[in-house]
Amino acid sequence: MTSSRPSWQEYALELAYTASIRSEDPWQKVGACALRHDNTVASLGYNGVPSGVTIDWTDREARRQWVVHAEQNCLNFVSPGECKLIAATLMPCYECLKQIAIKRIKMVIYDEPYSIEVERSCMFA
């Protein structure tokens with residue numbers, strides 16, 4: 001009998017997808033998962049607005065100034081050097097990659113690349 005047990009990277013990515021279902025963003029639901037060095041889950045995050053903020057989700061451009069990225073939400077609960085990897089459903093933007101580097105996470109995995117249009121408009125709220 002062969003095992004179909006997922007790798008730790010696959011496991012983290014599946015958890016990131018699970019986290020993404022909490023996002024209210026109708027345009028792009030994104031999730032992130034950070035694993036510690038012993039492969040325990042340190043944190044999960046999804047893209048959304050800060051607690052208590054209400055926005056018009058139908059205006060795609062206006063929402064960008066308010067949305068906090070999944071990686072940022074995930075990293076809010078991680079100490080520098082605590083984690084070995086972060087998995088995200090969408091390729092992290094440059095600002096999120098800076099935050100990942102600050103947390104000294106050496107492995108970044110993602111499922112989907114994003115378009116140049118998204119890259120240019122990517123803003124950290």
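Let's start with strand β1, residues 31-36, which runs antiparallel to β2 and is joined to it by five bridges. Before I go on: this is a predicted model, so bear in mind that local features need pLDDT of at least 70, side-chain atom pairs count only at pLDDT 80 or more, and totals for chains, interfaces and linings use all residues. Residues are numbered from 1 along each chain as its sequence is written, and side-chain values use heavy atoms, with hydrogens and water left out.

A word on terms. Two strands pair if DSSP finds at least two bridges between them. Helices (H or I, at least four residues) and strands (E, at least two) are DSSP runs, numbered from the N terminus.

Back to β1. Ala34 sits opposite Ser43 in β2, and Cys33 stands opposite Leu44 of that strand. The β1-β2 hairpin has four residues between its strands, and there Asn39 takes a positive phi near 70°.

On to β3. β1 also pairs with β3, antiparallel, over five bridges. There the bridge partner of Ala34 is Ile86, while Cys33 has Ala87 as its partner. How buried is β1? Five of its six residues are buried, so the strand is largely enclosed by the rest of the structure; buried here means under 20% relative accessible area, with exposed over 50% and partly exposed in between, using a 1.4 Å probe and protein chains only. β3, residues 83-90, is mostly covered too, with seven of its eight residues buried.

Next comes β4, which pairs with β3 in the parallel sense over five bridges. Here Ala87 has Ile109 as its bridge partner in β4.

Put together, the four strands form an open sheet with mixed pairing, in the order β2-β1-β3-β4. Why is one side of β2 and of β4 left without a neighbour in the sheet? Because β2 (41-46) and β4 (107-112) stand at the edges, each with a single partner strand. On average, neighbouring strands in this sheet are turned by 15° against each other, direction ignored; the axes are lines fitted to C-alpha atoms, for helices over the stretch in contact, and angles run from 0 to 180 degrees between N-to-C directions.

How many disulfides does a search of the whole structure find? Cys74 is in none, and its nearest cysteine sulfur, that of Cys33, is 6.4 Å away. Cys74 is buried, at 0% relative accessible area. For Cys96, the closest cysteine sulfur is in Cys93 at 3.8 Å, too far for a bond. Cys96 counts as buried as well, at 1% relative accessibility.

Last stop: Asp25, in the loop between α1 (8-20) and β1. Is Asp25 buried or exposed? Buried, with a relative accessible area of 1%. A polar atom of its side chain lies 3.3 Å from the backbone nitrogen of Gln28. Its side chain also makes a polar contact of 3.4 Å with that of Asn47; such a contact is a pair of N or O atoms within 3.5 Å where, within protein, one must be able to donate a hydrogen and the other to accept it, and residues adjacent in sequence count only if both atoms are side-chain atoms. Leaving out residues up to four places away in sequence, Asp25 touches Asn47, Trp57, Arg63 and Val67, with contact meaning heavy atoms within 4.5 Å.

Terms used. Disulfide = S-S within 2.5 Å.
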